[in-house]
Structures are given as structure tokens and as C-alpha cells.
Amino acid sequence: MSEPRELADRAERAEAVLGDACHQVGEDATRRLDEQDGRWQTVAGRLTEWLRHAEAAERAQPRIKQVKAARAWLRKFTDELREARLKPIADQSQMVWKLLCERSSVSLGSVGLTGTATARKVVLDVSVDAVDAPAFGVMSQGELHSLALSLFVPRATHKSSPFKFLVIDDPVQSMDPEKVDGLARVLDFYAQHRQVVVFTHDTRLEEAIRRLGIAATVQQVSRQTDSVVRVVPVSDPVTQALDEARAISLDEHLPDDVADRVLPAMCRVVLEAAFLTVARRTLRVAEVSWRDAEDRIAKAGPLTGLAALALTVKQDAVLDAIAHDHGTWAKDLIQQCNAASHQKPAHVTDRKDLIRRTERLAKAVLAR
């Protein structure tokens with residue numbers, strides 16, 4: 001056993017070492033507690049903020065149902081408002097479709113919109129023989145083209161549009177003759193309230209406009225040498241044929257033997273155009289379908305056949321009917337025009353008089 005003094009020295013030295021160690025541990029503990037406090041202060045602040053919102057949400061819980069109900073009402077009202085704005089366009093789309101596809105087995109029902117914002121799409125109610133069917137799966141190319149026009153034209157002519165004109169490029173493509181007639185009626189309907197301009201290479205629309213008696217200005221646009229664009233008015237077939245015949249009659253250098261054959265033949269074209277116009281008008285009044293009417297016209301034959309169809313008499317009695325309505329001079333004129341095509345023509349003693357008589361009879365026929 002050591003001496004008491006030595007023992008006391010060792011105890012003092014141990015106490016110093018232990019005190020330093022305890023002090024170091026205390027400092028480390030304080031530092032770590034400070035670090036933990038720094039980390040939890042941010043989380044505690046976020047928790048405090050979340051708790052504030054949670055308490056506010058809890059207090060507002062009774063109003064959530066009201067907000068949801070108001071939102072549902074607003075969506076419903078928005079849909080109703082959109083449908084109300086769309087209805088005039090949808091109604092006109094159905095009207096245009098009926099005119100374009102009067103005899104089609106495909107029926108166009110309601111036109112609506114689904115979706116929201118930029119994800120909206122048009123929904124079409126289409127049926128075939130009263131059976132619901134997908135639109136694009138049952139329509140022909142002509143019907144699809146008619147459907148596109150049915151949707152485009154009412155939208156383009158809506159009262160909110162700042163443009164008071166409608167321009168359509170080649171709308172006749174893929175259309176059968178009956179749809180062309182319907183297109184002419186559609187364009188005439190919208191032309192009552194705005195300017196309608198149509199570009200087309202298809203002459204069927206021009207023919208339908210004339211046959212249906214629709215007022216329109218027809219211009220022929222052609223590109224000449226050096227890309228010079230030439231625009232000339234196009235008259236009706238009777239006037240155009242008559243102008244051509246008159247121009248030939250005024251040619252002083254035209255030999256008599258040529259004039260004797262050419263002029264009556266050209267006058268015959270004038271009269272055929274006049275009787276064809278009246279024949280189509282007569283068949284339309286009798287509510288004969290376009291296809292049946294064209295079949296009858298094709299079977300009627302040339303001048304006298306067309307005249308018989310226009311006057312609703314038998315072909316062997318048509319000359320007498322013309323003489324009765326217009327005088328024997330009209331009968332003689334038709335016989336002269338026919339003779340130039342079927343046998344040796346008689347000499348045309350007065351070219352201008354032939355043109356005048358042809359014009360007189362053509363106008364009289366058209367005035368029926």
C-alpha cells in the first residue's frame with residue numbers, strides 16, 4: 001500500500017484528467033443538442049404552418065360540399081352555355097346536310113362538343129336507315145365531303161364572324177349530280193346575306209345554278225401567255241351559242257357553201273340549248289328525280305326530241321305544236337336547221353335574218 005501522500009497526488013491527477021474528459025463530453029453534448037435544435041426548428045416551423053392550414057381546413061369543412069356543388073353547377077352551366085352557342089351552328093349543319101344529301105340513307109343528327117380546353121372534339125350523331133352507326137365508317141367520299149361542308153359553312157358564316165363573305169375552293173369534288181344541286185341551293189341560301197365566291201373546274205355547278213334559276217355571276221379565269229390572267233364573264237348556253245353563231249354570220253370572208261352548212265348547225269345548237277333548259281325545268285316542276293330526268297333527256301335525242309320533251313308532246317307532233325305556239329316560220333326554222341345536219345343544206349340567203357329568227361324562237365321558248 002502506497003504512502004498517503006502519493007495516493008493523494010495520484011487522486012488529484014486522476015481528478016484533473018476525469019474533469020477534462022467530463023468537460024469535453026459536456027461540450028460535445030451541448031454542440032450536438034444545438035445541432036438537433038437547428039435541424040428541428042425548420043421542421044417545427046413547417047409543421048406549425050401546416051397545422052395552421054389544417055385547422056383552417058377543418059373549420060372550413062362544412063363549406064366543402066357547397067364549393068363542390070357550386071363547381072358542379074358551374075360546369076353544367078358552362079356545358080349548357082356551350083351547347084346553346086353551338087345549337088344555331090348545329091341546326092344549320094343539319095339543314096345543309098339535308099340539302100346536300102337529300103336522298104342519302106345516312107342521317108345527321110345532333111352535333112356536339114365533348115372534352116375541355118384544348119382537348120375538345122366534335123361528336124356527330126349519325127345513323128344509317130335509322131340505325132346508329134359510326135360516322136366515318138359508313139359514309140362515301142362524297143358524303144364525307146358533304147359532311148365537311150355541313151360543318152364548315154355554318155361556322156364560317158356565323159353572325160359573330162367579322163367576315164361578310166364566304167370563299168370555297170372546288171366544293172364539287174366527289175359529288176354526284178344530286179349533291180351538286182343541293183350545293184347550289186346551299187350557296188344560294190347563304191348568298192342572300194353575304195358574298196359567296198366559289199372556285200371550281202367542274203362545270204356541273206354552273207349548270208345546276210342555271211337549271212335551278214339561281215342568280216349568280218359566272219366568270220371564267222384563264223392564264224394566258226406570260227402568266228397573264230384573263231377574266232371574262234360567262235353567259236348562259238343559249239346566249240353563248242347565239243353569240244358564236246352571230247360572229248360567224250358577220251364574217252364576210254366565209255364561203256357560201258360553208259355558211260350554208262355551218263350557220264344552220266350553229267343555230268340548231270342555240271335552239272337545242274333553249275329546249276334543253278325548258279325540258280329540265282319542266283321535269284323539275286313535275287318532281288322527276290335528277291337521274292330520271294337526265295335519262296329522259298338522253299333518250300329524247302337532238303332538237304325535235306328535246307322540243308317534244310320541253311313541250312310535253314309526242315315527237316311526231318312537235319313541229320305542229322311549235323307552229324301552233326309560234327307560227328309556221330318557227331317550224332320552217334327548225335326544219336332548216338335539221339336539214340343542214342342530215343341532208344344537203346339549202347342556201348342561206350340572209351345570214352342575219354337566220355340569226356334573228358333563231359334568237360326570236362329561242363327567247364320565246366325560254367319564256368314559257
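**Figure 1. F189 and its aromatic partner.** Let us start with F189, which is partly exposed at a relative accessible area of 38%. This is a predicted model, so values here describe the prediction. The ring of F189 pairs with that of Y190 in an edge-to-face arrangement, with 5.0 Å from centre to centre and 90 degrees between the planes. Y190, for its part, is buried, with a relative accessible area of 5%.

**Figure 2. F163 and F165, another aromatic pair.** The structure holds three aromatic pairs, and one of them is shown here. The ring centres of F163 and F165 lie 5.8 Å apart and the planes meet at 65 degrees, so this pair counts as edge-to-face. How exposed is F163? F163 is partly exposed, with a relative accessible area of 49%. F165 is partly exposed too, at 41% relative accessibility.

**Figure 3. The whole chain, for orientation.** Before more close-ups, here is the setting. The protein chain has twelve helices and seven strands. Its radius of gyration is 45 Å, well over the 21 Å that the globule rule gives for 368 residues, so the chain is more spread out than a compact globule. Along the principal axes, the C-alpha atoms fill a box of roughly 170 × 55 × 35 Å. Of the 368 residues, 31% are buried. The accessible surface comes to about 24,300 Å², and carbon and sulfur atoms account for 55% of that area. Among contacts with a separation of 6 or more, 63% join residues 24 or more positions apart.

**Figure 4. The largest nonpolar core.** Here you can look into a core of 42 residues, the largest nonpolar one in the model. The residues with the most contacts inside this core are L271, F275, I322, L333, I334 and L361. Which helices each supply at least two of its residues? They are α6 (237–249), α7 (256–285), α8 (290–300), α9 (303–311), α10 (318–326), α11 (328–342) and α12 (351–366). Helix α7 gives the largest share, twelve residues.

**Figure 5. I322 and the residues around it.** This view picks out I322, one of the residues with the most contacts inside the largest core. Leaving aside residues up to four places away in sequence, I322 touches F275, A307, L311, G327, A330, K331 and I334. Elsewhere there is a second, separate core of 26 residues, and W97, L108, V126 and L183 are among them.

**Figure 6. Helix α3 from end to end.** Helix α3 covers residues 141–156, 16 residues in total. From its first C-alpha to its last it reaches 22 Å, close to the 22 Å expected at 1.5 Å a residue. Which residues of α3 are buried? The buried ones are G142, E143, H145, S146, L147, L149, S150, V153 and P154. As you compare positions along the helix, keep one rule in mind: an α-helix has 3.6 residues a turn, so residues three or four places apart point the same way.

**Figure 7. The loop between β6 and β7.** Two residues stand out in this last view. D226 sits in the loop between β6 (219–223) and β7 (229–233), and S227 lies in the loop between β6 and β7 as well. Most residues other than glycine have a negative phi. D226, however, has a positive phi near 65 degrees, and S227 has a positive phi of about 60 degrees although it is not a glycine. Is D226 buried or exposed? With a relative accessible area of 71%, D226 is exposed.

Key. Residues numbered from 1 in each chain as written. Predicted model: local features only at pLDDT ≥ 70, side-chain atom pairs only at ≥ 80, totals over all residues. Heavy atoms only, no water. Core = buried A, V, L, I, M, F, W, Y, C linked by side-chain atoms within 4.5 Å. Buried < 20%, exposed > 50% of the residue type's maximum accessible area, 1.4 Å probe, protein only. Helix = DSSP H or I, 4+ residues; strand = E, 2+ residues; numbered from the N terminus. Contact = heavy atoms within 4.5 Å. Expected span 1.5 Å × (residues − 1). Phe/Tyr/Trp six-rings, centres within 6.5 Å; stacked < 30°, edge-to-face > 60°. Rg over C-alpha atoms; globule rule 2.2 N^0.38 Å. Areas by Shrake-Rupley, 256 points an atom, 1.4 Å probe, with all protein chains shown as cover.
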